[in-house]
Amino acid sequence: MSIFVNKDTKVLVQGITGKEGSFHARNCIEYGTKIVAGVTPGKGGQKMDEVPVFNTIEQAVRATGAEAALIFVPPPSAPDAILEAADAGLRLAVIITDGVPTIDMLKVLQQISCYDLRVIGPNCPGVITPGEAKVGIMPGYIHRPGHVGVISRSGTLTYEVVAQLTALGVGQSTCLGIGGDPVVGTDFVDCLAAFEADPQTHAVLMIGEIGGEAEEKAAAFVKAKMSKPVVSFIAGLSAPPGKRMGHAGAIISGGKGTARAKLDALAAAGVHIVEDPARIGATVRDVLKAQ
Amino acid sequence: MKLHEYQAKELFAAYGVPIPRGKVITNPWQAYEAAQELGGERFIVKAQIHAGGRGKAGGVKLAQGVAETARLAEEMFGRVLVTPQTGPAGKKVNKILITEAVDIEREYYLAILVDRNAKKPAIMASAEGGVEIEQVAAQSPEKIIIEHGSFTSDLPSFVARKIAYGLGFTGKPAGACAKMIQNLYRLFFEKDCSLVEVNPLVLTKQGDLLAVDAKVGIDDNALARHPELRGLRDYDEEEPLEILARRYDVDYVKLDGRIGCMVNGAGLAMATMDLIKLNGGEPANFLDIKGGANKQNVVNAFKLLTADQRVEAVLINIFGGIVRCDMVAAGILEAMKEIEVKAPIVVRIEGTNAQEGRRILQEADFPFVVADSLADAARKVVAALPGGAR
C-alpha cells in the first residue's frame, strides 16, 4: 500500500514534447512508472521515445486507460490543463508548473470541485512511492521503500530529509510535495488523512514553512484524528516578516504565519517537533524506535 | 508587488471608490503649492513607504493650514522611518501624499484577501477600524465579519449588503458601503491583487464614506498579464541587490548577518538560514538559485551573493536533483574568474553528480572548505567567520 500512486498507476504527461516534460517523463519511466501517454495539442500521432502522443487527454484515456496526469505546461495554460484532466475523468493531476496566478488556482479548484479529481500542486516536486512509481521531478535514487510518509511544502528540502532518512536506513511509504503556493489542490490535512488510513505508513514526517495556516490546521487534525506519530520541521524560524522567501506562499504577514506559532500549535497537538534541520531524519528514526 | 498608498488610491479612484482629495509630492518645496491647490484648512501629511505602522513612527501628521503642512512635509522628507514592518534599518521617505483632512464620525476596517485554507476569496470587515486588525482579531474576534466571495469579479449584491448592514450602517451609507465593497472586489479580481485593504474606511460627519487609507498588493505570478501595473514598481523601496536578483531570475532577500548563503530551493534555503542561526551565526541573505537553474544563473547568483559588502563567509548548500552539482561547481569557478573573493567558502553538495562537483572544487585554485553534511557545513561556516561568531 501507499497513497495516491503505486506501480499500477497509469500516468500521462501533459507537455511531454517540451524540454522539461520529455526529460522528466524519461526519468519517471526509468524509475519504473507506467507512463502510458503524452498529450500535446497538435502533436497527436507522434511518439516521445516509445510513448504515444495524443492531441487531447480524452483520446489518450480512451487509447491507454490513463488515470493520472503529470503536468508540465506554462503557467497561463495550467488552469486549462487541470480542467481537461477533470473533464476526461482522471483521478489525479500533479502540477509541477511554478508561477500560476493565485486567482487562477482559486477559480479552477472551484470549477473542478464536482469532479473526483485530486490536484497536487502547483509549484511542487510531485509524488513518489519508492520502488513503485515516481510521478514528479524528484531524484528517485535517494528514496527507499519503507514505512514513513513524507509531506512537504518544499522541493529540495524534501530531498534533503528523504536523504537523511534513507542514510539512516529508514524507508518511506510515499513522499509528496504539496507545493509552495498560497493556494494548492491538496493540503497537509488531505495527506495526513490518507497516511492515517494507509497500513504501510507507520509514521508521518511533515515539513512546513512560514506563511498561511496550513500547519495550524494540520495540528488540529493530528490532535483530533491521528493515531500514528507525526514529526514536524518548520522552515523559516530566521525569516524576517513581510518578505516573500522564494515560494509565493512563504511570507509572514500581519504577524501571522510565523514558524514559532506553527511549532507551538504542532507541539500542543502532540507532534514531535524538530528545530535543527540536520536532525530531522534522526528524530524520525528515534520516534519509530520508541513505538 | 507592493504599491504605495497613493498608487492604491489611484486604482481605487479608477474603480469608483471614493477617496479624500490629495496630491503626491516628491520634493519638499512642492508641499506648499500642493496644499494651496487642495484648499481647505486642515491637511494630512503622509509618508509613502512600503510598510504599515507609519502613524506611530511619525509618518502621518495632521497639519493646520498651508504653512504648517509645508513645514511638516519638509521635516518628513528624507527621514528614515522605523516601524514594526520595516525592520531595524527603517525606510527612507522619498514621496509624500498630502490629502485633505476629513471630519471623522466613525472608522471601519475593510479588506479583500485570499482565505488560503478555504481556498476562496474573502471579505473581512470590522466596525473597529483605525487600529491594527491583528489586535482586534486577538482581543475581540467576534467583532470581525468574514464573508467568502464569488469566483468572478462580480460579488453578489447580497454579500456586500450583509457586510454593510453587519457593520451597522443604515440608510444612504449602507448603500454606499455595499457599492464600495463590490467595486473593491472587482479591483481585487481584475488586477490580480493579493490584498486590498482599507483602514480606516471613514464615515464622515457629513455622511460620506471615504477610503482614507489604501493598501494594495499585486500577485507577482500575475504581473505578466498586467503590463499596465508594471510602471508602479518603486525601485527606491527595494534593496538594490534584490532588484538585480530579479533581473538574474533568482530569489534573493537581503538580511542583516555576515554569512552569505547560496542554496537551491526555497525551503532548503530557509532551513539553511535557520541552521546558520542555530549554530551561532547570522545569515546575510536568503538566496534560492531555483529549480531550473543553469550555469549562468549560478554565476549570477554567486556574484550577487558576494556583492554584499557585509558577507564575511559563504555557505553553498546544494542538493542536486534536476540541478547537477558539477554544473553548480563549474558555475562557481566561472564566477570566481571574474570577481575576487576573499571570504572563506564552505561547500556542501549532495545529490546528482555530487562527487564530480566536489572534485571540481577541490582541484580548483581556491581553498574551498568541503563539508559532508548539513550540520558539518553550518559548524564550519560559523567557525570560518573572521573573529568567529559575535
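Residues are numbered from 1 along each chain as its sequence is written, and chains are lettered from A in the order in which they are written. In this predicted model, local features need pLDDT of at least 70, side-chain atom pairs count only at pLDDT 80 or more, and totals for chains, interfaces and linings use all residues.

**Exercise 1.** Give the strand order of the seven-stranded open sheet in chain A, and its edges.

Solution. Strands are DSSP runs of E, at least two residues, and helices are runs of H or I, at least four, numbered from the N terminus. Two strands pair if DSSP finds at least two bridges between them. The order is β3-β4-β2-β1-β5-β6-β7 (chain A), with mixed pairing. β3 (47-48) and β7 (118-120) of chain A pair on one side only. Now take one pair: β2 (34-39) and β4 (51-54) of chain A are parallel, over two bridges. There, G38(A) faces V53(A) of β4(A).

**Exercise 2.** Which strands does helix α1 of chain A lie across?

Solution. Contact means C-beta atoms, placed from the backbone, within 7 Å. α1 (19-31) of chain A lies across β1 (10-14), β2, β3 and β4 of chain A. Its angle to β2(A) is about 165 degrees. Axes are fitted to C-alpha atoms, for helices over the stretch in contact; angles run from 0 to 180 degrees between N-to-C directions.

Notes:
Contact = placed C-beta atoms within 7 Å.
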